[in-house]
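Good morning, and thank you for coming.

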Amino acid sequence: MALINTYDGRLLLSETTVGAGAQVLLLAFLGTAIGLGPAGWLTGLAFGLATWAVLNRALLRTRTRTFGPANRVTLGRAILVGAVTALVADSFQSSPPVSLFVGLTAVALILDGVDGKVARRTGTSTALGARFDMEVDAFLILVLSVYVSMSMGPWVLLIGLMRYVFVAAAKVAPWLNNSLPHSMARKTVAAVQGVFLLVAASGLLPYAAGFGFVALALGSLLWSFGRDIVWLFRNREGVAGPTATTAATVTATVHETVTVTMEPAAVEHRASERRTGERRAAELVTS
């Protein structure tokens, strides 16, 4: 079993290492094509290294057997996000080509709807894959909000930071970690964030129109988070507390009932087995 786990771990490491190598190659292409500066190189390499390290740690911790096709799609998206991150970091010194920036970001956003479908069709949906997908999405939104904030103001950063603030708040208020009911509105709001930010970043629309798109994105996100937080607060005891308590109580009650009911018979049975074994051992010694 230990050899199998080691072998699987090496296979997973090889896949993530190929992804890290692809990240370096894409950065090298950007460096050749547009003259990527030191800030872009360092940021892109840091992103690739962090993705490689965190993903490997998560894969080995969960003892994942195979990487899976859906995770490969998500890893491809992560590589594109690393390139977009490098371009945004470099934009503090010189603006990247709009067509290249929009193209890389658009492909990353389009692939967001592919990995989930691949996971469902191949039967390879996992909690780790869903988390990997979510983290790539969240970081891309953060990077886009940083880029757009340079032209529209720091208030745009609220779009990218909101999810991370929510995660930090959940450390203080654990009831925020409870599961939410399915909501198509929540999915729609999450999906339009990247699209609206990309439209504003492209500069294809007048400033006022782009400003309106970003303001609409922020407003819808505030509404979505606010609605979910209110629901979680109202159900904080009904979802986490009583459910966990009831499960623990039922488990303990069943265990105690079985123990009390079976203990006399079990003790007698074990005593009988012990006496039989002693008698057979004495007969063998005598013979």
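This is a predicted model: local features need pLDDT of at least 70, side-chain atom pairs count only at pLDDT 80 or more; totals for chains, interfaces and linings use all residues.

Residues are numbered from 1 along each chain as its sequence is written, and side-chain values use heavy atoms, leaving out hydrogens and water.

Let us take the chain as a whole. It has eleven helices and zero strands; helices are DSSP runs of H or I of at least four residues, strands are E runs of at least two, and both are numbered from the N terminus. Of the 287 residues in the chain, 34% are buried, a term that means under 20% relative accessible area, with over 50% called exposed and anything in between partly exposed, using a 1.4 Å probe and protein chains only.

Next, the pockets. A pocket is an open set of points on a 1 Å grid over the protein atoms alone, where a 1.4 Å probe fits and protein lies on both sides within 12 Å along at least five of seven lines; its lining residues have an atom within 4 Å of a point. The largest pocket holds about 1600 Å³ of space, the volume being the space filled by probe spheres set on the points, which are joined across faces, edges and corners. Its lining comprises 45 residues, and those nearest the centre are Asp 133, Met 134, Asp 137, Lys 187 and Ala 190. Helix H6 gives the most to this lining, with nine residues.

The second largest pocket holds about 560 Å³ and is lined by 17 residues. Here helix H2 gives the most, with eight residues.

Finally, where does Trp 155 lie? It is found in the loop between helix H6 (127-152) and helix H7 (157-172). Trp 155 is partly exposed, because its relative accessible area is 25%. Leaving aside residues up to four places away in sequence, Trp 155 touches Phe 211, Val 214, Ala 215 and Leu 218, where contact means heavy atoms within 4.5 Å. One of these, Ala 215, is 60 residues from Trp 155 in sequence, yet the two are 9.4 Å apart in space, C-alpha to C-alpha. The side chain of Trp 155 also reaches the backbone oxygen of Met 152 at 2.8 Å.

Conventions:
A polar contact is a pair of N or O atoms within 3.5 Å; within protein, one must be able to donate a hydrogen and the other to accept it, and residues adjacent in sequence count only if both atoms are side-chain atoms.
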